[in-house]
Amino acid sequence: MAIKIITSPIVEPITLEEAKQHLRVDGNDDDLLIQSLIKQAKEWCEDYQNRKYITQTLELVLDTFPNGNAIVFNSISPVQKVESIKYYDENRQEYLFDESNYIADLDGFVNRVVLNRGKHWPKIELQSVNAVRVRVVAGYGDSGDKVPESIKWAIILQMKLLYDDYRPEEKTKLEEARNALLSMNRVIPV
């Protein structure tokens with residue numbers, strides 16, 4: 001399984017001004033560094049939580065259709081919409097799996113695509129790798145305002161850990177606080 005970024009987020013969950021305020025930075029000398037820290041901290045938190053925060057288009061790439069009746073989005077929830085499910089036969093011919101065959105469950109804690117009653121995954125010989133591609137729009141929304149506050153605070157804590165030098169016991173407390181905030185809505189893949 002692979003996840004390809006088709007369209008990246010256009011903003012970050014934390015603005016430069018918010019980051020500078022939390023880091024107690026005046027002036028613009030460190031702006032490039034702080035913008036990089038925001039992105040690094042967000043990526044760290046997304047990886048820890050197995051979630052995506054800001055609207056982006058992603059493609060989940062699978063070698064085959066699942067054995068069961070669902071494709072589970074373990075590491076890209078929350079999903080706003082499923083754009084398409086495509087698959088490729090052994091001759092690399094592309095097919096679109098009609099959306100009347102499935103329901104996108106966008107209400108669950110972990111989002112998924114579930115086959116409608118009486119429907120089945122295609123029974124053709126698929127190409128040997130990367131045969132199924134599910135394109136989705138994921139994230140809480142187009143701005144940091146849509147991201148839960150607990151996640152924003154975790155990003156800030158991670159950013160502080162990257163920016164400042166702390167004594168070991170202070171660093172441990174910040175890491176524990178960050179992890180506690182992220183654990184509230186963490187997706188643990190099965």
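# Close-up views of a predicted model

**View A. Ala138 counts as buried, because its relative accessibility is 0%.** Buried means under 20% relative accessible area, exposed means over 50%, and partly exposed lies in between, with a 1.4 Å probe and protein chains only. The model shown here is predicted, so local features need pLDDT of at least 70 and side-chain atom pairs count only at pLDDT 80 or more, while totals for chains, interfaces and linings use all residues. Residues are numbered from 1 along each chain as its sequence is written, and side-chain values use heavy atoms, with hydrogens and water left out. Ala138 belongs to strand E8. Helices (H or I, at least four residues) and strands (E, at least two) are DSSP runs, numbered from the N terminus. Setting aside neighbours within four places in sequence, Ala138 is in contact with Lys52, Ile54, Thr55, Gln56, Leu58, Ile76, Pro78, Val79 and Gln80; contact here means heavy atoms within 4.5 Å. Val82 is 56 residues away along the chain, and its C-alpha atom is separated from that of Ala138 by 8.8 Å.

**View B. A cis peptide bond joins Ser77 to Pro78.** Its omega is near 0°. Look for Pro78 in the loop between E3 and strand E4 (79-88).

**View C. Phe65 and Phe97 form one of the ring pairs to look at here.** How many aromatic pairs does a search of the whole structure find? The search finds nine. The Phe65 and Phe97 ring centres are 6.0 Å apart and the planes meet at 50°, so this pair is tilted. Phe65 sits in the loop between strand E2 (56-62) and strand E3 (70-72), and Phe97 in the loop between strand E5 (94-96) and strand E6 (102-105), so the pair ties together parts that are 32 residues apart in sequence. Rings of Phe, Tyr and Trp (its six-membered ring) pair if their centres lie within 6.5 Å; planes under 30 degrees apart count as stacked, over 60 as edge-to-face and the rest as tilted. Phe65 is buried because its relative accessible area is 8%, and Phe97 counts as buried because its relative accessibility is 5%.

**View D. Phe97 also pairs with Trp121.** This pair is tilted, with 5.3 Å from centre to centre and 35° between the planes. Phe97 lies in the loop between E5 and E6, and Trp121 in the loop between strand E7 (112-115) and strand E8 (132-138), so the pair ties together parts that are 24 residues apart in sequence. Phe97 and Trp121 are both buried. Stepping back, ring pairs link Phe65, Tyr87, Tyr95, Phe97, Tyr102 and Trp121 into a cluster.

**View E. Arg51 and Arg186 lie over ring faces.** Arg51 is over the face of Phe109, at 4.6 Å from the ring centre. Arg186 is over the face of Tyr48, at 4.0 Å from the ring centre. A charge sits over a ring if NZ of Lys or CZ of Arg is within 6 Å of the ring centre and within 35 degrees of the ring normal.

**View F. Asp31 makes a polar contact with Lys20 through their side chains, at 3.0 Å.** A polar contact is a pair of N or O atoms within 3.5 Å; within protein, one must be able to donate a hydrogen and the other to accept it, and residues adjacent in sequence count only if both atoms are side-chain atoms. Asp31 is part of helix H2 (residues 31-49). With a relative accessibility of 16%, Asp31 counts as buried. Not counting residues up to four places away in sequence, Asp31 touches Leu16 and Lys20.

**View G. Arg24 and Asn130 have positive phi values.** For Arg24, which is not a glycine, phi is about 60°. Arg24 lies in the loop between helix H1 (16-23) and H2 and is exposed, with a relative accessible area of 74%. Asn130, also not a glycine, has a phi of about 50°. Its loop runs between E7 and E8, and Asn130 is partly exposed, with a relative accessible area of 32%.
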